[in-house]
Structures are given as C-alpha cells and as structure tokens.
Amino acid sequence: MKRVIYLLIIVLLISCGNHKNDFDAAGTFEATEITVSSEASGRILSLNITEGHEVTAGEQLGAIDSVQLYLTKLQLQKNVSSVVSNRPNIGVQISALKEQISKQKTEQSRIENLFKSKAATQKQVDDVNSSVTVLERQLAALQSSLQNNVLSLDAQSSAIEIQIAQVEDKLSKCVITSPVSGTILNKYTEEGELATIGKPLFKVADTKNLFLRAYMTLEQLKDIKIGQKVKVFADFGGDNRREYAGTITWISEKSEFTPKSIQTRDDRANLVYALKIAIENDGYVKIGMYGEMNLIDN
C-alpha cells in the first residue's frame, strides 16, 4: 500500500511539476545495504560499533569467543608433529642391507675368479649368486614397505593439515568485520550476548556510492539506456539542490504503476518504470532523500 501511495506521489509530482518541471524523473536515494550475520557460535567478546559509525571494508569491529577452537588447533598441531616424528628414514634403514649386498658382491666376484682358475666349485658360485639375489630382493621389499609407510604417514599428516586449515577458517570467522566501507545503519546485538551462526549482528550501507531510484513513463523510455550519463539533483528543500554526475545502471523490465490489464493507449501512457542512477556521494546525500534526474542533451 505504501509503495502504491509513493508511486502516486511520484506521478503527481511529474504531472503537477516541481522546480518548474525541469526534471525528467524523480525518486529517492538508496544505498546497497548488507545485513552482516555471525559466521561462528559463541559469546560476543566485543562489538565496537554504534549506529551512524563509519567503517571501512575488512575493518575488525568485534570478536566472538574462540578459545575452544584455538585449543583444538594446538592439539592438531601436536598430532602433526607426532606423525612426522614416526616417518621412517629410508636411507638410514636400508644402509645396512646395502652394505651386506656390497660385501656379498665382492665375495661373488672373488669366487667367480676362483672358479675360473678352477679353485672353487660350481656349488660355491651358485651359493654366492643365490645369496646376492636374496639380499637384493630383501632390499627391494624393505624399500617398498618403507615407502608405503611414508606415503601412509604423509596422507595422515595431510589430513590433519586440512583439519587445521578448517579450524583456522573457523577462527577467522570469529573476527567480526565489515564486508564494505560505509555507515552502520542498525546494530542488532551487544557484547556478552550469545552469537549463533546466521544471527544478524548489524546492517551496513555503502553510503559512498548511492543510487537514485526514479520512475519514468513508457514514452520516456525511448530516450534512455543503461550506461547513459545523466544529471542528478539532490533536493534539500525549497530551492536548495546539489548536482551530481549520474549513470543509469538498471531499468526495470516491468511497470510498477497500474494493477489492471492494459486496454487503451491512455492506460499505457500512464505506466511508470523504475530505474537506478548511480552517483558518487560527497557526504551530503542521505538515504531516503528526494532527488531528480535530467537527461543530458547530446
């Protein structure tokens, strides 16, 4: 009902005139408003904001109790240290077996030379060859076993590292920040209260970049397009106005005036369409303030 009354006022203003009908569209200024909700559960330790407080994007505004998460992180870090300490040193563990193989190959070479001079038997040659083969297979089996152990421990370590990263992410969400630079519009909670995931904490608006939400008739739409530069005027009452450079960023695809089916040309002419014009605020324009827009002649 309020929206219909508001639209009727806009149409009456356009029809009856204001500032000698020297504007093409009129409306009110809006801002991008964001309701910031808690991403963690716990007691709110601090929330240093008040309504009207100017904040910057990423600025720390408060904190939620994170002691248990921090202790969990410490425990996981100890688990990683324990897993790493159990990681076998493959080089050290196979060095003794490699030394045995080296000695056995020296013996193999000596017996082969003796066999060539007919000072050793075929059985001695076969025995030393078999011994070398057995040792080499033992080395291969040990290396494979140790390598599997290393891979298993590395996988365990990686899994714990992922858990640590998850805890660190939760810890970061215990820090309350603003996603945008702007002004605090509403504060919904206080220090000492219990926060739960999804609970609204405050609402912030980007007051540096405002939009004039204005309305045009169907006939006027032929003269505008998205990206078009226009003049915007903030109305401070009486003849007090400030001019700003504006850019049309959105045009509604639907009419917002008549609730009935369109049957005649006159009805179609009475339709109004919403559009948004972006301006850069210098600090004077406030949300909800009345504004006007003029097309720029090319």
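1. Threonine 189 and glutamate 193 are joined through their side chains by a polar contact of 2.5 Å. The term covers a pair of N or O atoms within 3.5 Å; within protein, one must be able to donate a hydrogen and the other to accept it, and residues adjacent in sequence count only if both atoms are side-chain atoms. The model is predicted: local features need pLDDT of at least 70, side-chain atom pairs count only at pLDDT 80 or more, and totals for chains, interfaces and linings use all residues. Residues are numbered from 1 along each chain as its sequence is written, and side-chain values use heavy atoms, with hydrogens and water left out.

2. Where does threonine 189 sit? Its place is the loop between strand 6 (182-187) and strand 7 (194-195). Helices (H or I, at least four residues) and strands (E, at least two) are DSSP runs, numbered from the N terminus. Threonine 189 has a relative accessible area of 1%, so it is buried. Buried means under 20% relative accessible area, exposed over 50%, and partly exposed in between (1.4 Å probe, protein chains only). Neighbours within four places in sequence aside, threonine 189 is in contact (heavy atoms within 4.5 Å) with Ile44, Leu47, Lys199 and Leu201.

3. Two strands pair if DSSP finds at least two bridges between them. Strand 2 (residues 42-47) and strand 7 run antiparallel and are joined by two bridges. Glycine 42 has alanine 195 of strand 7 as its bridge partner.

4. Strand 9 (residues 229-235) pairs with strand 10 in the antiparallel sense over seven bridges. Valine 230 is opposite glycine 246 of strand 10. The two strands make a hairpin with five residues between them. In the turn, glycine 237 has a positive phi of about 100 degrees. Strand 10 also pairs with strand 11 (residues 272-280), again antiparallel, over five bridges. There, isoleucine 251 has leucine 275 as its bridge partner.

5. Which rings does lysine 276 lie over? One is phenylalanine 211, with lysine 276 over its face at 5.8 Å from the ring centre. Another is tryptophan 250: the charged end of lysine 276 sits 5.8 Å from the centre of that ring. A charge sits over a ring if NZ of Lys or CZ of Arg is within 6 Å of the ring centre and within 35 degrees of the ring normal.

6. Lysine 118 is in the loop between helix 3 (90-116) and helix 4 (122-172). Its relative accessibility is 78%, so it counts as exposed.

7. Leucine 71 is in helix 2 (residues 67-85). With a relative accessible area of 44%, leucine 71 is partly exposed. Leucine 71 and valine 167 are 96 residues apart in sequence, yet 9.9 Å apart in space, C-alpha to C-alpha.

8. Now the overall picture. The protein has five helices and twelve strands. Of its 298 residues, 34% count as buried. Among contacts with a separation of 6 or more, 77% are between residues 24 or more positions apart.
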